[in-house]
Amino acid sequence: MKCSTGLALCASCKKTTKKRYPPFGNRSPFSKRKLTGFGFARRGKSPCPGGHATLTKNLNAGAGGTYIWACVSHTVADKPITDITFIRGNKRCKVGYSKLATDLNEKTRRRGSSIRACVRRSDTEQPITGIAVVSSRRRTPACPQGWTRIEQNLNEGARGERIHLCTVK
């Protein structure tokens, strides 16, 4: 199983990916700060905004689509993110969630239905403090111990690697 984590030690592959991601100011990206920014960047179109770290795993790996990666930030001024879900096709996000514009199946070889993220922000719920990308060619990848896998395969219908996001609160 390949492993690409943004904010934690990946226990399943017994290595740290700390060198891949820029620190957040003077603090380690492995600190337990609230996740306040989440989005996607596409190669050649929209890099991660300033102050965001890039989780360098291509979310279209093996599917031949646009190179897409996740962007995260931990700023004090923004309301924290408490949940991330995904929707397929033209569905709407649940009440209280905001839909992100990026189609994660953009220009894949075998066009699956569009997959978009929905995020919920709240000052009264426990915030997400870490996010990771895990992938596998043959089976659903496991998250590091103590983390929760978001069930949506981000390459579903596109025949690429099985890619999931994992979060920790």
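Tutor: First the term: a disulfide here is a pair of cysteine sulfur atoms within 2.5 Å. Bear in mind that this is a predicted model, where local features need pLDDT of at least 70 and side-chain atom pairs count only at pLDDT 80 or more, while totals for chains, interfaces and linings use all residues. Residues are numbered from 1 along each chain as its sequence is written, and side-chain values use heavy atoms, with hydrogens and water left out.

The structure has 3 disulfides. Take Cys143 and Cys166: their sulfurs sit 1.8 Å apart, and the link is left-handed, with -80° about the S-S bond. Cys143 is in the loop between S8 and strand S9 (148–149) and Cys166 is in strand S10, so the bond ties together parts 23 residues apart in sequence. (Strands are DSSP E runs of at least two residues, numbered from the N terminus.) Both Cys143 and Cys166 are buried, meaning under 20% relative accessible area with a 1.4 Å probe, protein chains only.

Next, Cys93 pairs with Cys118, S to S 1.9 Å. The torsion about that S-S bond is about -80°, so this disulfide is left-handed. Cys93 lies in the loop between S5 and strand S6 (97–99), Cys118 in strand S7, so the pair ties parts 25 residues apart in sequence. Cys93 and Cys118 are buried.

Then there's Cys48 to Cys71, S to S 1.8 Å, left-handed at -80°. Cys48 is in the loop between S2 and S3, and Cys71, 23 residues apart from it, is in strand S4. Cys48 counts as buried because its relative accessibility is 16%; Cys71 does too, at 1%.

Notes
Helix = DSSP H or I, 4+ residues; strand = E, 2+ residues; numbered from the N terminus. Buried < 20%, exposed > 50% of the residue type's maximum accessible area, 1.4 Å probe, protein only.
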